[in-house]
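Have the structure open as you read.

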Amino acid sequence: MVLDEYEILALGAAVVAVMMLGMRHLRPALAFYALCTFMIVLETILVSFLQKEVHLFFVAIGILVIKVVGVPLFLNWIMKRIDVRSDSGIMAPPISMHAGIMMLGVSYLLASQLPGMTSDIDGRLAATGAMSLIFTGVLIMLTRKIALSQIIGFLVLENGIYLFALTQAQGMPMIVEMGILLDVLAAVMISGLLLFRIKKSFEHIDVTQLTELRDI
């Protein structure tokens, strides 16, 4: 089976996200998140060209500025300020990555069952990539201990939802897409400020320890 650019970009973004599950250090994970999002930007431009939807090109520019450049730079700055470099997680990274590979296979099986996907190989593989991103984001949020990793997991999950909407419904109206982008930016900035407060109050941002807090 020969894959075209449309399928390679969707599946490539999913594979890059799965590789993030095997990383302990946060800086490479952020770089891979930026790479994963950049592949989604290219997918958006490709869909814009194929469907002749000019507004998708402007959406791609917005994603490039906010999610490929702005968010990783901001999270890198937060990482330096609170002096957190790595996350050992509650599951060994190699095991997490194997779980991500397994969920990629599950995503293919689920995508095959979607209505209208039996004969649409392009749509099926793109849906596989989108579902895998959603599962990978959830896995990152469930298997990591540091709050910064939870934010990265949320961003990967959001990438999956966007890719599914883009490939299965050719995206949403530009005003909706831009509104979601601004919401993501605001959520990341508020989360960053909360990390400062949590670090200042408890001297760590380990969410597994925060669940053990009790009223005095």
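1. Helices here are DSSP runs of H or I, at least four residues long, numbered from the N terminus. Before going on, note that this is a predicted model, where local features need pLDDT of at least 70, side-chain atom pairs count only at pLDDT 80 or more, and totals for chains, interfaces and linings use all residues. Residues are numbered from 1 along each chain as its sequence is written, and side-chain values use heavy atoms, leaving out hydrogens and water.

2. Thr136 has a relative accessible area of 1%, so it is buried (buried is under 20%, exposed over 50%, partly exposed in between, using a 1.4 Å probe and protein chains only). Its side chain reaches the backbone oxygen of Ser132 at 2.7 Å. Setting aside residues up to four places away in sequence, Thr136 touches Ala17, Val18, Leu21 and Val156; contact means heavy atoms within 4.5 Å.

3. Helix α2 (residues 26–51) packs against helix α6 (residues 147–169) at about 15 degrees, with the axes 11 Å apart. The axes are lines fitted to C-alpha atoms, for helices over the stretch in contact, and angles run from 0 to 180 degrees between N-to-C directions. That angle makes α2 roughly parallel to α6 (under 35 degrees; over 145 is roughly antiparallel, 65 to 115 roughly perpendicular, the rest oblique). In total the contact divides into 13 nonpolar residues, five polar and one charged. Ala, Val, Leu, Ile, Met, Phe, Trp, Tyr, Cys and Pro count as nonpolar, Asp, Glu, Lys and Arg as charged, and the others, Gly among them, as polar.

4. Last, Val188 in helix α7, residues 174–202. Val188 counts as buried at 2% relative accessibility. Neighbours within four places aside, Val188 is in contact with Val71, Phe74, Leu75, Ile151 and Leu155. Leu148 is 40 residues away from Val188 in sequence, and their C-alpha atoms are 9.9 Å apart.

Methods
Helix = DSSP H or I, 4+ residues; strand = E, 2+ residues; numbered from the N terminus. Polar contact = N/O pair within 3.5 Å; in protein donor to acceptor, adjacent residues only side chain to side chain.
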